[in-house]
Structures are given as C-alpha cells and as structure tokens.
Amino acid sequence: MLKTFRIGGIHPKEKKISAGKAIQPIVIPDQVIIPLSQHIGAPCQPVVKKGDNVKVGTLIGKSVGFVSANIHSPVSGTVLKIDKSLDASGYKRDSVFIKVEGDEWEASVDRSPDLKRACDLAPGEILNKIATAGIVGMGGATFPSHVKLTPPPGTKAEILIINGVECEPWLTSDHQLMMEKSDEILVGTTIVMKALNVQKAVIGIENNKQDAIRLFTQKVKEYDGITVQPLKVQYPQGGEKQLIDALTGRQIPSGALPISVGAVVQNVGTIFAIYEAVQKNKPLIERVVTVTGKEVKQPCNILSRVGIPLNKLIDVAGGLPETTGKVVSGGPMMGKALASIDIPVSKGTSGILIIPTLEAKRKTMKDCIRCARCISVCPMGLNPTLLMNLTEYEVWDRAEKEHIIDCIECGSCSYTCPADRPLLDYIRLGKGKVNGIIRARKN
Amino acid sequence: MSVLLTAVATLGAIGAGSAAILYMVGQKFKVEEDPRIQEVQDSLPAANCGGCGFPGCASFASACVKAESMEDLFCPVGGQDTMDKVAALLGRKAPVAAKKIAVVRCNGTCDSRPRLNLYDGASNCTIASALYGGDTGCSFGCLGLGDCVDSCTFDAIHINPVTLLPEVVEDKCTACGACVKACPKDIIELRKQGPKSRRIYVSCVNKDKGGVAKKACDVACIGCSKCQQACPFEAITIENNLAFIIDDKCRLCRKCVPVCPTKSILELNFPPRKETPPTPKEEEATVIV
Amino acid sequence: MEQKLIVSPSPHVHSGDTIEKNMYNVLIALIPAFLVSLYVFRLDALIITACAVLFCVGFEYLIVRYILKKTPTVTDGSAIITGVLLAFNVPSDLPLWILALGSLFAIGVVKLSFGGLGNNIFNPAIAGRIFMLISFPAQMTTWPVIADAAGTTDAVSSATVLGNLKLAPESLPSLQAMFLGTEAGSLGEMSALALLLGLLYLLWKKTITWHIPISIMATVALFTGILYIFDPITLYHPLIHLFSGGLMLGAIFMATDYVTSPMTRKGMLIYGVGIGFVTVAIRLWGAYPEGVSFAILLMNALTPLINNYTSPKRFGEVVKHG
C-alpha cells in the first residue's frame with residue numbers, strides 16, 4: 001500500500017512529456033537581467049553600480065533583513081544599469097542589467113565535475129555557507145533555505161524530508177535532476193542532516209517516477225539513516241504539510257510550522273544547490289527549467305543561468321507555437337501566468353508551460369450547485385465554496401473562523417469545480433485580507 | 001355559551017399574564033439612552049454607507065452626541081446642511097467643510113493605452129492587481145473591472161463601455177469614499193467639488209519615468225514639470241515623476257492645462273476658452289470627461 | 001508581440017467536469033428503473049415520462065426566456081431530471097393535466113422563483129410530487145393493478161404495499177416481487193434492484209458519495225429492525241420497508257440532489273439519518289402510507305442549518321504523533 005496524505009487531493013493528468021530528456025545547456029545571450037527580488041522576503045540591496053565588472057559568482061545583491069537571500073552574478077561582464085524591469089510577479093521591480101563578456105568565474109568556485117563526499121564543517125559553518133550562497137527553496141516557494149534550516153529556539157528537528165514528489169503535472173525538472181545527480185543529492189542530504197543534527201532522512205518520490213525510486217533505493221544503501229518512500233500519485237503531495245502527513249503521519253496544526261512536528265522539508269533541487277554551495281563554493285546562479293506544453297516541438301529540461309530571458313529557453317524548445325494562449329512560469333496548478341515572455345529566469349522558475357489558446361481560456365462561471373466537490377478535494381479540509389462567498393460579501397470574521405488562512409492555494413477546488421467557479425481567486429483575496437486584519441490586530 | 005366564556009377568559013388571562021411579564025422584563029432590562037441620539041439619527045440621511053467612518057448612521061449619531069466638538073465629524077452624504085442641523089440639535093456649531101466629490105485619476109482609454117495581454121481571471125480589480133500589473137503597459141492605471149462600481153451604494157459610478165474607465169455621476173456622488181477604499185490602485189481621490197463644479201486635476205497616477213509612462217499610455221503624466229512652472233500659485237507638486245494639484249492652493253486659473261504635453265491635466269465644467277492659448281496646438285485640451 | 005497572452009490566476013487547468021456531465025450521469029443511472037417501468041406499464045410509462053420531461057423543460061424554457069428574460073439554461077439537464085423523477089413518482093394512469101400542473105409548480109415555483117439551479121431550497125421533483133399528492137389525493141394514490149408479470153394493466157385500482165400495511169397487513173406480496181418490481185406502485189419505484197443498479201453507477205462515476213443513500217437505508221433498516229425484534233409482526237419487517245414505496249428512489253435519486261442536500265460528510269450523514277427516521281415515523285404512525293417525500297422535504301428545509309453547523313474535518317485538527 002503506497003503512502004499518501006489523508007485529506008482531499010486530486011489526480012490531474014500527469015502529462016510528463018519531457019520526462020527522460022537529458023538536462024541540456026543553453027547559450028548565454030548578450031545581456032541578462034537579474035531581478036533583485038527572487039525570494040520571499042525583503043529585496044536585495046545592490047552592491048554593484050553601472051560600469052562595474054563582474055565575474056560568474058560575484059555578489060551583486062546583498063540580503064537585508066532576516067528573511068532574504070544573497071544574489072550573485074550568473075555571468076561575467078559589465079553592469080549596464082540598475083533599473084526597473086518586469087519580473088514574474090507581473091510588476092516592475094529593481095533589477096541588475098549585465099552585458100555579457102566571456103565566461104570568467106570567481107576563483108573560489110570549484111568547477112570540477114568530481115563528486116566530493118567528505119564534509120568536515122560544523123553545522124554553523126554549513127548554514128553560513130548556505131546563507132552566503134543565497135540558496136532558496138527551489139520548488140517554487142523561494143523561501144531562503146538558511147532560515148528554514150535554523151529551527152526557532154526551543155524546537156528540535158527530528159527528521160529531514162526530501163521532496164522528490166514533483167506533483168505538478170507537466171514538470172520534470174526535479175525528476176531529471178534526481179536521475180542525473182543522485183550522488184550529489186544524497187551527499188547534500190547528509191550535509192543538511194549534519195547541519196540540522198538529525199539522524200533520519202526520508203526521500204519521498206511519487207510512484208510515477210519508477211526509475212528514480214529504483215535508483216535511489218539502490219544508492220541509499222551507502223548512506224546511513226536515509227530511506228526512500230514511494231508515494232501514491234496525488235496532488236498536492238509536494239505541499240509541505242501534505243508531504244509530512246504522507247511520510248510521517250503527523251499533521252501540522254493550523255498556523256504552526258513544520259518544525260512543530262519535528263520535520264524539516266527540502267526540495268531535491270534545493271538539496272543539490274546546497275551540495276554545490278557547501279562542497280564546491282558555488283552560489284545559486286543556475287537551475288534546471290522544464291520547457292513543455294502540448295504544442296511545444298521539443299519539450300526539454302534546460303540547465304539555465306538565472307537572468308536569461310524565458311524566450312531564449314522557449315527557442316531551445318522549438319520556439320513559441322503559433323497557437324500559444326498562455327505562458328505559465330511553473331506548473332499548471334500553481335504556476336504564474338505571464339504577461340510577457342521577455343522576463344528572466346529566476347531562482348524559483350521550475351518550468352515554462354505553454355498552453356494553447358483553446359485550453360487557456362476559462363469557461364464562464366455558473367451558479368454553485370453545492371455538489372461539494374471542492375470540499376472533498378480540499379487537502380486542508382476547508383470549505384472553499386463557503387470561503388468564496390464569505391470573501392465576496394466581505395464577512396472577514398466568519399472567514400477567519402473558517403480558517404481561510406490555512407489555504408495553501410493549491411487550486412484543487414477551482415480545478416474540480418463543475419460550475420467553473422473561480423474559487424481560489426476569491427479565497428486568495430480573502431486570505432490576504434484576513435491576514436492583514438490579523439496583523440493589524442497584533443500591532 | 002359557557003364554552004365560549006371559558007375560552008375568552010383563558011385567552012384573556014394568558015394575554016394579561018404575558019403582558020405583565022413583558023412589562024416587568026422591559027422595566028428590568030431598560031437601557032438608559034440619551035434621547036438626543038434618536039433625534040440626531042432622525043436628521044441623518046439613513047444611508048448607512050459608512051462614509052463618515054462609523055459603522056452606520058446610529059453609531060455616527062451617538063458619536064456626535066458624545067463628542068466634545070463637531071470637528072472631525074462629517075456626514076458626506078447629508079453634507080453641510082445635515083451637519084448644521086445636527087449641530088443645532090446639540091447646541092453647537094458645525095465647522096464649514098467644502099463639498100467634495102470623487103474623481104477618477106486615470107484617463108487611459110482603450111485608444112490611448114493599448115492592451116498588451118488579456119486578463120481572464122475573476123472580474124475583480126483586487127484579484128487582478130494581486131496577480132500582476134494589469135493588461136496594459138501601465139501598472140498604475142485603472143483595471144476597469146469595477147470594484148468601485150460594486151462598492152457604490154448610490155449608483156454614482158459606472159464603467160463607460162467604450163473607454164472601459166469608471167465615470168462619476170456628479171449629481172449622485174456623495175463623496176462617501178467607498179470607491180476610494182475599494183480601488184486597489186488608489187486611483188480615485190476625493191477632491192473639492194469647486195465653484196459650479198469646476199475643478200482641475202492631474203488624471204494620472206503613473207509613477208514610472210517619463211519615457212516608460214509615455215510608451216505605455218499616450219495621456220500619462222511624464223513628470224516634465226511644465227505645469228509646475230506655469231502655475232502662479234505653487235499649487236502643483238511633482239513627486240516620483242508624477243504631478244499633483246493641491247486642492248487648497250489651486251485657484252482654477254487653468255494655466256497648467258494647455259502646457260501639459262500629454263494632456264493629462266483635465267478641467268471639468270469650465271466654459272470654452274475665448275482667447276487663444278499660448279500654444280495653439282493644445283486648443284482641444286478642454287476635455288470633458 | 002504578435003499575439004496577446006492570456007493572464008489569469010492559477011490553476012491553469014481544469015478537470016473538465018461540468019454540471020451537464022453530472023446531470024447526464026444521473027439520467028443514465030435512471031435508465032434501469034425506466035426500463036422496468038416500461039416493461040410493467042408499457043406505453044403508459046413512456047407517455048407519462050415523456051410528457052413530464054416535456055412539461056418541465058418547456059416550462060423552464062418559457063419562464064426563463066419570457067418572464068425572467070435571460071438565456072435559457074435547459075441544456076444543463078437539471079430540468080430533464082426533474083421531469084423524469086416527477087414521472088417516476090406518479091401512478092401510470094395519472095391524468096396528464098395534473099402532471100402538467102405538478103411540473104409547473106416544480107419548475108416555476110420551487111426552482112425558478114428561488115433563482116434557478118443552485119439556489120432552490122427544496123428539491124423540485126419532491127415538492128412537485130407533494131403538491132400533486134395534496135391537491136389530487138385520489139388520483140395520486142390509486143394504482144392500476146398488474147395482472148401478471150407479462151400481462152397488460154387494466155383499469156382496476158389497487159393499493160400499494162404500504163397502503164396494505166396500514167389497511168390489511170395479511171395481503172402482503174412476496175419480497176421477491178417487491179425486489180424485482182412486479183408490485184403495484186408509481187412508475188419508478190417498481191424495482192429496488194433497478195434502482196440499486198443506478199446507485200452503483202453513480203458511485204462508480206463518483207457523481208455522488210455513499211453517505212446519503214446508505215445512511216438513509218441503514219437508518220430505516222435499523223429503526224424498523226429494532227421495532228421488529230420487540231414486536232415481531234410483519235408490519236415492521238425491515239426488508240419490506242427497504243424495498244417498498246419510494247424509499248430506494250428517494251434515497252438514491254432525490255435525497256442526493258446536490259443543491260438541496262448538505263455539503264459536508266458529517267452533514268450528509270445527519271441528513272440521511274434524519275430522512276430515515278422521519279420516513280419510518282410517517283409510515284408507521286402517520287396518516288399517509290408513504291413518508292419518503294415528506295421526510296426529504298423536511299430535511300431539505302434543515303439543510304442550510306446542517307451546513308452551517310457542520311464543517312469538514314480540517315487538516316491538523318487532530319494532531320497524531322506517530
């Protein structure tokens with residue numbers, strides 16, 4: 001019996017057509033744009049100015065505040081300007097424009113392809129390296145990793161959970177990374193275990209990635225305390241709360257952090273980045289991006305530097321199809337629809353999904369027929385249709401009582417609604433409002 | 001007959017008993033209330049719109065009675081007349097406040113502000129603005145999905161189907177401020193209605209640099225400061241590449257209107273100009289929205 | 001850029017499920033029961049069903065188009081279901097004008113005056129049936145006798161199983177006849193077997209969950225079963241209650257109507273148990289021989305209340321340290 005989470009969940013068509021496509025490099029264009037806000041939290045303070053020369057790995061944005069992450073130059077060249085540029089948020093944000101000249105790396109980065117297993121750093125030093133390298137959660141949430149790996153005082157991590165679920169349909173970047181960099185991921189896991197001082201780690205992989213399950217089951221034998229757990233294919237299993245429930249049977253109470261049940265979750269992509277940062281001194285400047293879609297000529301997985309415009313990646317996949325209606329950064333369930341394909345790849349770009357016009361348009365919404373599908377699929381056990389109504393009529397106190405802020409915005413409700421109601425649109429709005437009210441009350 | 005009598009007597013007894021109980025309960029739980037609160041409430045418009053900052057007319061009335069002076073208390077719906085009445089009831093004097101009206105500070109019609117993408121989410125400005133900058137190159141301008149229309153209890157603001165921008169109906173607007181709060185882009189502002197409803201304002205909130213703003217929208221304020229130089233009363237400020245006309249200082253001389261290179265300053269309800277303005281090209285600047 | 005991109009909040013895919021698909025699934029599930037009624041009542045069944053559907057769809061179209069002045073929504077299939085269920089709830093020899101009145105009441109008053117599909121408080125078919133039952137009790141409670149399984153129906157009226165329970169408990173039919181559907185009764189309530197087939201289909205298609213039908217049946221069986229143990233007369237035999245009258249039809253097709261039933265699992269169970277109790281109470285101690293419709297109508301009225309006081313089981317509500 002395969003494990004899975006206990007409440008709600010859906011199973012959209014997987015459509016992983018880019019699975020098994022080897023990770024391929026991409027030519028660096030003449031100019032890259034690096035947004036100074038690629039993570040949750042405060043944007044970086046630029047530490048370069050117009051005309052400065054930078055190498056690959058040079059710090060260009062310094063983190064300010066507790067929740068923030070450094071940003072390094074992914075290319076070598078000259079800083080053209082620091083100006084506002086459209087990013088995936090849909091708004092213009094401060095970005096560093098760099099003119100690319102050659103490909104010269106900082107001397108401190110170890111560029112050899114050899115696997116380096118031994119790590120004799122103390123936990124504090126490891127965390128320091130992770131923070132310096134600007135590592136963020138690469139599953140899409142982009143939460144700074146060093147913050148996540150520092151449990152608040154009074155709490156103790158018991159288990160490290162490695163998220164190899166990739167429950168979003170279409171995306172295969174994590175899957176392919178697991179297939180090609182399994183040793184690095186496992187060494188990275190031991191490093192994070194050491195940093196957290198935990199003896200146990202579980203790698204959760206969904207059952208539609210049989211090859212990865214086999215590979216890891218084989219390889220974990222060499223590592224103490226790491227196990228592999230195959231999981232039933234179910235969305236949103238990659239959600240932190242759902243994954244912990246699936247793997248440990250513990251449910252995080254409303255409003256609490258994963259550490260309250262002794263778990264810390266890290267995505268496989270993040271673990272690989274941590275390996276590179278700690279063992280190779282390489283900051284987070286590149287990531288694997290899946291470019292896929294129904295009409296895409298050559299769906300592929302690309303190792304792209306941060307800052308390369310998405311249209312260059314789409315060109316590698318055979319160009320933007322004629323029928324394109326929507327371009328999504330990320331997966332179809334939680335990704336962001338983009339207003340322009342000129343925006344750059346950032347640390348959180350897990351994929352580019354191109355949806356044809358015919359499938360991109362939403363249908364007209366009808367009246368709710370109270371079929372309760374949304375309730376039965378909600379992985380947080382909420383009542384989406386009630387929450388939408390409460391938001392529409394601005395009944396914030398009741399919405400708070402109905403735990404609107406527990407919503408993880410997975411989109412299962414909107415996905416399943418037979419009346420095509422934009423449930424999540426409204427719940428997201430209500431969640432924001434209620435969060436604001438709660439914050440105002442605290443102050 | 002006796003049956004009838006019994007029935008009447010029984011019912012009568014029950015009725016009398018209930019009345020007695022009700023009376024006693026009413027006496028016991030009686031709430032002492034200042035009778036003036038009811039009087040004040042009666043003279044309010046009973047729109048319960050919340051424009052005064054209180055949850056409804058009743059709580060505004062009790063606030064009026066409790067307050068020391070009438071400063072900071074104003075019913076935008078009833079206006080000066082109502083406040084004078086309320087003040088008279090309470091034996092005070094109401095401060096004189098100028099009548100205000102809502103103005104929409106975006107003039108980016110379909111022609112002047114081309115659409116670059118199609119929004120396909122729920123028809124709600126707040127949801128759209130949380131998602132992205134909007135379907136045009138201007139991430140400050142009106143989204144046209146009508147949160148202001150939904151918020152208005154007086155049917156005083158409507159989306160023009162041609163321009164896709166909201167328009168305020170002057171006779172109906174009570175300056176309650178509901179649309180100002182509803183607009184996620186902070187486009188709507190309450191401004192002095194002005195004598196004969198004449199007013200001048202910068203109909204743009206774009207804070208981008210001039211070139212970027214102009215590229216996104218033909219009638220965007222580019223922060224060129226020509227209007228600032230033209231203004232004899234120092235009523236115009238420029239901040240973040242955006243001009244703003246301060247209500248209290250503006251004397252409605254209209255000198256700023258023709259000098260604006262993008263025609264982003266609007267004048268309302270003025271008679272047509274007689275003399276030729278300094279730059280003849282700008283003659284059609286008298287835009288009535 | 002050549003083409004304008006579409007921008008919307010996530011999710012960007014949809015399950016493809018629609019109101020229509022769900023409604024047509026219910027119609028497919030009703031086919032076995034319809035076939036049985038065709039076999040038993042021949043042409044009468046066809047005429048009554050076809051007319052009821054025609055009336056319901058027609059009234060919906062006309063009212064929405066000419067009185068409400070909106071785009072008609074008859075294609076969503078809900079009016080067809082109302083029609084079929086209405087037909088299944090009447091005797092096969094009901095005058096058509098009564099059926100038309102019942103349809104008008106169901107669609108016009110119960111459904112559309114509340115705002116159409118999704119906004120009605122009561123199940124239109126149930127309310128329509130009760131309207132006819134109260135207005136025309138004579139026509140609604142006499143059923144043509146079925147001569148034999150293969151024979152034709154004649155004009156002699158007969159009482160139903162439940163009617164006999166009240167009047168003459170000694171003339172009860174065999175359980176087998178009730179299960180397969182050769183006893184007198186309304187169109188759709190003939191065969192429990194056919195209705196159960198429909199239930200299996202609906203559960204397989206995930207159109208409905210088991211909570212409502214099973215909780216109704218279990219409550220009826222348990223309640224009458226307990227009475228049977230203490231007072232073992234035929235009148236209380238649980239199987240007779242399960243297979244007779246409109247219980248199966250009501251439990252599977254009418255109580256499970258999305259719009260008028262609770263939305264949470266807990267609520268569905270409360271609702272089902274409530275219907276079960278009220279049904280048995282009316283059957284045994286009430287003036288009417290049959291209580292399913294009244295029970296459903298009553299619980300329909302309580303649905304908003306149940307929705308308000310039951311919430312789904314939230315994630316993290318019970319913290320298990322395993």
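Biologist: What makes up the secondary structure of chain B in this predicted model?

Modeller: The secondary structure of chain B comes to ten helices and nine strands, and, as with everything we discuss here, these belong to a predicted model.

Biologist: How do you know how chain B stands against a compact globule of 289 residues?

Modeller: A compact globule of 289 residues would have a radius of gyration near 19 Å, whereas chain B has 27 Å, and the C-alpha trace of chain B spans about 100 × 50 × 30 Å along its principal axes.

Biologist: What share of chain B is called buried, and why is a residue called that?

Modeller: A residue is called buried because 20 or more other C-beta atoms lie within 10 Å of its own, and by that test buried residues make up 38% of the 289 residues in chain B.

Biologist: Turning to chain A, why are β1 and β16 of chain A said to stand at the edges of the sheet?

Modeller: The sheet is open, with six strands in the order β1-β14-β13-β17-β15-β16 (chain A) and with mixed pairing. In chain A, β1 (23-25) and β16 (336-337) each have a single partner strand, so one side of each is left without a neighbour in the sheet, and they stand at the edges.

Biologist: How do you know that β13 and β14 of chain A pair, and in which sense?

Modeller: Two strands pair if at least two bridges are found between them, and strand β13 (residues 286-293) and strand β14 (residues 300-305) of chain A share six bridges in the antiparallel sense, so they count as a pair. As one example, the bridge partner of Arg287(A) is Ser304(A) in β14(A).

Biologist: What makes you say that helix α3 of chain A packs on the sheet?

Modeller: Helix α3 (residues 173-180) of chain A touches β1, β13, β14 and β17 (351-356) of chain A, and its direction makes about 125° with that of β13(A).

Biologist: Which residues of α3(A) meet which residues of α5(A), and at what angle do the two helices pack?

Modeller: His175(A), Met178(A) and Met179(A) in α3(A) meet Asp211(A), Ala212(A) and Leu215(A) in α5(A). The two helices pack at an angle of about 35°, with their axes 10 Å apart, and the crossing of α3(A) and α5(A) is left-handed.

Biologist: How many residues does each chain give to the contact of chain A with chain C?

Modeller: Chain A gives 51 residues and chain C gives 34 residues, and β15(A) gives the most to the side of chain A that touches chain C, with five residues.

Technical notes
Residues are numbered from 1 along each chain as its sequence is written. Chains are lettered from A and ligands numbered from 1 in the order in which they are written. This is a predicted model: local features need pLDDT of at least 70, side-chain atom pairs count only at pLDDT 80 or more; totals for chains, interfaces and linings use all residues. Helices (H or I, at least four residues) and strands (E, at least two) are DSSP runs, numbered from the N terminus. The radius of gyration is taken over C-alpha atoms; the globule rule is 2.2 Å times the number of residues to the power 0.38. A residue is buried if 20 or more other C-beta atoms lie within 10 Å of its own, exposed if 12 or fewer, and partly exposed in between; C-beta atoms are placed from the backbone. Two residues are in contact if their C-beta atoms, placed from the backbone, lie within 7 Å. Axes are lines fitted to C-alpha atoms, for helices over the stretch in contact, and angles run from 0 to 180 degrees between N-to-C directions. A crossing is left-handed if the near helix is turned anticlockwise from the far one by less than a right angle, and right-handed if clockwise.
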